[in-house]
Amino acid sequence: MQDNKLNSLFKTKIIGGVLFKNRLISSPISINMSEKGFVTNNIINFFSNLAKSGVSMVTVGATAISDQGNDTLNGMMAGKDKYFKGLKLLAKNIKKNGANASIQIYHVGAQGNPKHNNQEIVGPSEYYFKKIGVKSRSLTIEEISLIEDEFCKSIVQSFKSNFDFIELHLAHGYLLHEFLSNYFNKRKDKYGGTFKNRFRLVKNILEKSIRIEPKLKGRIGFRLSANDYVKNGFDKKNIEQLVKKLDKYKPAYYVITAGLYETAEKKYQDMKIGKYWDYAKNIKKISTTPVIAQGGITNLYSAQNLIKNNFSDFVGFAQSLIADPGMIMKTISGNEKKIIPCIAHLKVGSCHRCRYLKQKDNTFSCITPTSWKPSGDIVSKKNIKKDLLIWKKLNSQVYNK
Ligand SMILES: Cc1cc2nc3c(=O)[nH]c(=O)nc-3n(C[C@H](O)[C@H](O)[C@H](O)COP(=O)(O)O)c2cc1C
Ligand code: SF4
């Protein structure tokens with residue numbers, strides 16, 4: 001039986017004509033189990049499993065517009081005709097299993113690493129981050145125009161393959177965020193300087209995509225960064241300025257996040273103390289576009305508080321659902337004691353397996369016994385056993401603290 005205290009979470013809502021059965025969303029997750037950019041059975045199984053978890057929308061994580069824009073060789077891609085069939089099958093399976101389907105479209109930009117994607121690293125301007133160890137090259141006007149077309153193709157194709165929503169990644173220091181941000185964008189041409197110029201690439205992508213496929217109006221959502229934690233980076237003022245511009249396009253939703261690769265440590269600390277939810281609340285105060293709060297939401301009771309107290313219209317979960325896709329059902333059936341939590345939610349920095357293991361090979365895995373496991377030879381039974389031992393060890397360390 002559903003607990004009455006969770007009522008705010010189970011109110012329906014309609015966005016762009018699409019019914020949401022509740023306020024629970026699975027946040028964008030990329031599992032890097034693609035082969036040459038194509039959707040694979042493991043990708044379909046992973047997201048179908050999330051769709052069964054009880055959320056009203058599943059967001060397929062970062063899907064690249066090109067090889068250059070892909071952060072690893074195993075990242076999913078969209079835009080070229082050859083990807084259409086797989087994307088259609090993925091959207092169909094998410095919806096068949098009970099959730100609306102959204103897909104996040106992105107280009108990795110200056111935070112790319114040639115060791116992971118074998119590509120030249122490009123951005124609005126030169127950028128160097130010691131940990132990556134490569135200076136990005138500044139894009140030419142012709143290249144920006146090509147990227148604009150690739151974004152449009154990926155957006156339109158994903159929508160035509162029956163994803164209900166397209167989420168444009170304007171956060172985390174990826175290419176579109178870099179164009180918007182004074183910290184990365186030092187250009188002196190029509191793409192740099194004033195906010196109008198820095199917004200030009202996003203504006204062109206939106207207007208062109210909607211011109212090609214008018215039904216996209218009201219179906220594009222945005223992931224936005226509220227804080228980059230660097231001087232001249234995104235902050236309250238910048239995000240509010242951006243939201244005012246984007247609101248004119250009647251977005252489907254905003255999902256509020258923060259941080260760059262180089263400020264990851266700060267971001268996890270902020271997430272842990274619920275700062276991301278305050279950032280979401282600030283946006284909800286200034287816009288009528290539905291807002292998704294996320295980052296460190298570990299259970300339905302915290303989620304309920306956020307909705308009830310007007311921090312957001314929806315709440316997003318990633319690691320809680322990766323660690324235990326049964327988390328929602330166990331809570332509403334009164335079996336929450338059986339939920340297996342994400343170790344990183346118990347202690348910041350204690351586990352990063354699902355995020356970082358994926359960079360080199362097709363081996364996405366979470367160490368908990370309840371998590372989804374890839375099929376086939378990719379993660380062998382022996383490795384799953386090893387994961388369980390790691391989980392037991394970390395779990396006892398975290399609980400003993
Ligand atoms: C394995 C993994 C993959 C992720 N992939 C993406 C992604 O593709 N795009 C994105 O914007 N965020 C991605 N994230 C970040 C999550 O969407 C989310 O913002 C973050 O994990 C914090 O929320 P949580 O505490 O509910 O996990 C990923 C996180 C994890 C753990
Ligand atoms: S691998 Fe670790 S960080 Fe990722 S969801 Fe599982 S327990 Fe959490």
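Start by selecting helix α4 (residues 141-160) and helix α7 (residues 200-212), which pack with their axes 9 Å apart at an angle of about 45 degrees. That angle makes α4 oblique to α7. Oblique is what remains once angles under 35 degrees count as roughly parallel, over 145 as roughly antiparallel and 65 to 115 as roughly perpendicular. Axes are lines fitted to C-alpha atoms, for helices over the stretch in contact, with angles from 0 to 180 degrees between N-to-C directions.

This is a predicted model: local features need pLDDT of at least 70, side-chain atom pairs count only at pLDDT 80 or more, and totals for chains, interfaces and linings use all residues. Residues are numbered from 1 along each chain as its sequence is written, while chains are lettered from A and ligands numbered from 1 in the order in which they are written.

Stay on this pair. Show I144, E148, F151, C152, I155 and V156 in α4; they meet L201, N204, I205, K208, S209 and I212 in α7. Contact here puts C-beta atoms, placed from the backbone, within 7 Å. By class, the α4 contact with α7 has eight nonpolar, two polar and two charged residues.

Next, pick L206, also in helix α7. Is L206 buried or exposed? L206 counts as buried, because it has 24 C-beta neighbours inside 10 Å. The cut-off for buried is 20 or more other C-beta atoms within 10 Å; 12 or fewer is exposed, and in between is partly exposed. Leaving aside neighbours within four places in sequence, L206 touches I220 and Y249.

Move to helix α1 (residues 41-51) and helix α2 (residues 84-96). Their axes come within 8 Å and cross at roughly 25 degrees. That makes α1 roughly parallel to α2. Select I43, I44, F47, S48 and A51 of α1, then L89, L90, N93 and I94 of α2; these make the contact. By class, it has seven nonpolar, two polar and no charged residues.

Last stop: helix α11 (residues 300-308). Which residues of α11 are buried? They are L300, A303, L306 and I307. These cover an arc of only 115 degrees around the axis, which puts them on the same side of α11. An α-helix has 3.6 residues a turn, so residues three or four places apart point the same way. Show their partners too: β3 (24-29), α10 (275-286), β11 (291-294), β12 (314-317) and α13 (327-332). Finish at N310, which follows α11 and has a positive phi, near 60 degrees.

Technical notes:
Helices (H or I, at least four residues) and strands (E, at least two) are DSSP runs, numbered from the N terminus. Two residues are in contact if their C-beta atoms, placed from the backbone, lie within 7 Å. Ala, Val, Leu, Ile, Met, Phe, Trp, Tyr, Cys and Pro count as nonpolar, Asp, Glu, Lys and Arg as charged, and the others, Gly among them, as polar. The arc is that of the directions from the helix axis to the C-beta atoms.
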